[in-house]
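Here are my notes on the model, as numbered points. Please read them beside the coordinates.

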Amino acid sequence: MGTYCSVIKFENLQELKRLCHWGPIIALGVIAICSTVAMIDSVLWYWPLHTTGGSVNFIMLINWTIMILYNYFNAMFVGPGFVPLGWKPENSQDSMYLQYCKVCQAYKAPRSHHCRKCNRCVMKMDHHCPWINNCCGYQNHASFTLFLLLAPLGCIHAAFIFIMTMYTQLYNRLSFGWNTVRIDMSAARRDPLPIVPFGLAAFAATLFALGLAIGTTIAVGMLFFIQMKTILRNKTSIESWIEEKIEQLKQKADKRVRSVRYKVIEDYSGACCPLNKGIKTFFTSPCTEEPRIRLKKGEFILATRGLRYWLYGDKLLDDSFIEGVSRMRGWFPRNCVEKCPCDAETDQAPEGEKKNR
Ligand SMILES: [Zn+2]
Ligand SMILES: [Zn+2]
């Protein structure tokens, strides 16, 4: 499975279709603009090639561009690696541990997931990335992560060039008057004079490229940190999400076990600090934005937590009038209710609650 679709086949022109999508178009556009403007700015104005520093700087810029594009195209064209259609585990008994994908007509190998966009089961799937218009998974995780590291570094270098170009070119031309800032574009005071003067178009292009470079540094840099977390935990984004869901479900189940059924013995208006329920109830009203619920004598409530004089829970609604209302949940005074004597089976979710979920 390792070599499965791991080689870039240039005869496989179908893969080139991946470029026709907003993600790659924008990403490649940003790379093209930033690197071109950075090279033009350095060569013409900020750091000419005849200086040693200028040459090194130029080579570095080309280097960033090549490395970024190499990893970007690798991530896009090598792809994540798909589980072969109709795949079965070698030992047929192992299939009992695996899920089956009806679309791919195959068992899902451990850590693989079906991607709806790719319409295939993806090995060790992390996520479907619109920027490479492909999934990020087993085979391209490394190039993808390298791209996420190199892109911000290259952008920082470019941003430095943009800022220094604008600063050195504009410094002598700025004049500050009363309430106005003037830029005198005709007077370049640089020795020796650059072949092409730094005009308004160059200024606009540099400023635009600077915006792109800073935006990319922040956005892609954040993605890199998220990706590093994923790698250090050895848990794909999907796996973290599944774990979180399981944890939430567990907590919900716990809550259901702890909940107690109460019967309403006194009406309650739903007021925040009710005057007729005793002075302690009045003064200990919970300080939250969570709602209060109105109670009517004879109703049932499933309480999940409480304070000394207040309880929080769900009203067990009568099926006849709950159409449209999914649930009523909130705080109510403890002295308006009494524990159901009949309740030996509180650990089972009562009928009403099951239906409302
Ligand atoms: Zn599948
Ligand atoms: Zn995908």
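1. A convention first. A crossing is called left-handed if the near helix is turned anticlockwise from the far one by less than a right angle, and right-handed if clockwise. By that rule, the crossing of H1 and H4 is left-handed.

2. Provenance. This is a predicted model, in which local features need pLDDT of at least 70, side-chain atom pairs count only at pLDDT 80 or more, and totals for chains, interfaces and linings use all residues. Residues are numbered from 1 along each chain as its sequence is written, while chains are lettered from A and ligands numbered from 1 in the order in which they are written.

3. Annotation. The unreviewed UniProt entry places "transmembrane region" at residues 25–47, 53–73, 146–167 and 195–226. Positions follow the numbering used here, feature names are shortened, and annotations may be inferred rather than shown by experiment. Over residues 53–73 the model is 100% helix and 0% strand, with end C-alpha atoms 30 Å apart. Residues 146–167 are also 100% helix and 0% strand; there the end C-alpha atoms are 32 Å apart. Helices (H or I, at least four residues) and strands (E, at least two) are DSSP runs, numbered from the N terminus.

4. H1 against H4. Axes are lines fitted to C-alpha atoms, for helices over the stretch in contact; angles run from 0 to 180 degrees between N-to-C directions. The axes of H1 and H4 (residues 200–233) come within 9 Å and cross at roughly 130°. The two helices are therefore oblique to each other. The angle classes are: under 35 degrees roughly parallel, over 145 roughly antiparallel, 65 to 115 roughly perpendicular, the rest oblique. Val-30, Ile-33, Cys-34, Val-37 and Asp-41 of H1 meet H4 residues including Ala-205, Ala-209 and Thr-216. Contact means C-beta atoms, placed from the backbone, within 7 Å.

5. H1 against H3. Helix H1 (residues 22–46) and helix H3 (residues 141–171) have axes that come within 9 Å and cross at roughly 40°. They too are therefore oblique to each other. H1 passes H3 in a left-handed crossing. Among the contact residues are Cys-34, Asp-41 and Trp-45 of H1, with Cys-155, Phe-162 and Gln-169 of H3. The class count is nine nonpolar, five polar and one charged.

6. H2 against H3. Helix H2 (residues 52–78) packs on H3 at about 155°, axes 9 Å apart. H2 and H3 are therefore roughly antiparallel. The crossing is left-handed. H2 contributes residues including Met-60, Trp-64 and Tyr-72, and H3 contributes residues including Phe-144, Leu-150 and His-157. This contact has 13 nonpolar, five polar and no charged residues.

7. The sheet. Five strands form an open sheet, ordered E12-E11-E10-E9-E13, with antiparallel pairing. Strands E12 (329–333) and E13 (337–339) stand at the edges with a single partner each, so one side of each lacks a neighbour in the sheet. Twist averages 45° from one strand to the next. Two strands pair if DSSP finds at least two bridges between them.

8. Three bridges join E9 (residues 260–264) to E13. Val-264 stands opposite Val-337, and Tyr-262 opposite Lys-339. Four bridges join E9 to E10 (residues 300–306). There, Lys-263 faces Phe-300 as its opposite residue.

Technical notes. Two residues are in contact if their C-beta atoms, placed from the backbone, lie within 7 Å. Ala, Val, Leu, Ile, Met, Phe, Trp, Tyr, Cys and Pro count as nonpolar, Asp, Glu, Lys and Arg as charged, and the others, Gly among them, as polar.
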